[in-house]
Amino acid sequence: MVYPDDPRPRHPQAFKAPALEAGPLIGHRVLVDVLPVWVWSDYI
Amino acid sequence: MTWLAFDLHPEYPLGGIPREQLHARYGDGFHESLKRSFEIAGLVYNPPPDVVPNTLAALSLTELARDRGLHRPMHERLMDAYWAEARNIGDPAVLRELGGEVGFAEDDVASAIRDDGLTNRVRTSTAQAQSLGVTGVPAFVLDNRLLVLGAQPRSVFQDALAQLREPDDAQST
């Protein structure tokens, strides 16, 4: 555990993007607000 | 959304590497493509022309900012400084200036970039990500279940989120 009390993901499944399809995602903003999302990043 | 540290190039010397070395590795086309992506998104693409910095100190400073409730402004200030303002964020003087803009005293910044606890946190976070299969950045884990690697187009995230709405047994097939 890097940070106290953070329920870090342990075994996420790699997402394999299917053929891209255009189209609206209804409620995506709500989903992102509700679901835990972890983002690893660097500055370069 | 929780942003976590990933030291993409720990092998870079503290002074960074010449940018031309990066261009030689990936080709000019990669950077032209990146520049176009920025422009399409309405963002300025202006990284430092001469150097690609080692970011361990910047990432450590961001961890201090996390502890002080200033993670978001520090993170965003560093991103803008590097990508839009051509600042060398591996330079301690630059970090002192940027940290000062967010509210840190110069001594705080100087201490943070030498703080073993903060640098170890960055290294541990990076190692944890690598253990999950993260090989590059950005890397997104959605709902503790799906790993999306790279700066993917919106449609990829739409599909990933749609997959998360499916029953668990459908996801495993």
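Visitor: Which residues does Leu95(B) touch, leaving out those up to four places away in sequence?
Guide: In this predicted model, Leu95(B) touches Ala57(B), Ala58(B), Leu61(B), Ile89(B), Val109(B) and Ile113(B), once residues up to four places away in sequence are set aside.

Visitor: Where is Leu61(B) found?
Guide: Leu61(B) belongs to helix α3 of chain B, which covers residues 56–67. Beyond its neighbours within four places in sequence, its contacts include Met74(B), Gly99(B) and Ala112(B), and Leu95(B) is one of them too.

Visitor: Why does Leu61(B) count as buried?
Guide: Leu61(B) counts as buried because 32 C-beta neighbours lie inside 10 Å, and the cut-off for being buried is 20 or more.

Visitor: And how far is Leu61(B) from Arg114(B) in space?
Guide: Their C-alpha atoms are 9.5 Å apart, although the two residues are separated by 53 residues in sequence.

Visitor: Okay, which residues touch the most other members of the largest nonpolar core?
Guide: Those are Leu61(B) and Leu95(B), in a core of 46 residues. Helix α3(B) gives this core its largest share, seven residues, and at least three residues come from each of domain 1 (17–133) and domain 2 (138–173) of chain B.

Visitor: Switching to helix α1 of chain B, how many of its eight residues are buried?
Guide: The count is zero, so by the cut-off of 20 or more C-beta neighbours this helix, residues 19–26, is hardly covered. Just after α1(B) comes Gly27(B), with a positive phi of about 90°.

Visitor: What pattern does chain A follow along the sequence?
Guide: Chain A reads β-α-β, and buried residues make up 18% of its 44 residues.

Notes
Residues are numbered from 1 along each chain as its sequence is written. Chains are lettered from A and ligands numbered from 1 in the order in which they are written. This is a predicted model: local features need pLDDT of at least 70, side-chain atom pairs count only at pLDDT 80 or more; totals for chains, interfaces and linings use all residues. Helices (H or I, at least four residues) and strands (E, at least two) are DSSP runs, numbered from the N terminus. A residue is buried if 20 or more other C-beta atoms lie within 10 Å of its own, exposed if 12 or fewer, and partly exposed in between; C-beta atoms are placed from the backbone. Two residues are in contact if their C-beta atoms, placed from the backbone, lie within 7 Å. A nonpolar core is a set of buried Ala, Val, Leu, Ile, Met, Phe, Trp, Tyr and Cys residues joined through C-beta atoms within 7 Å. Domain bounds come from an automatic or database domain assignment.
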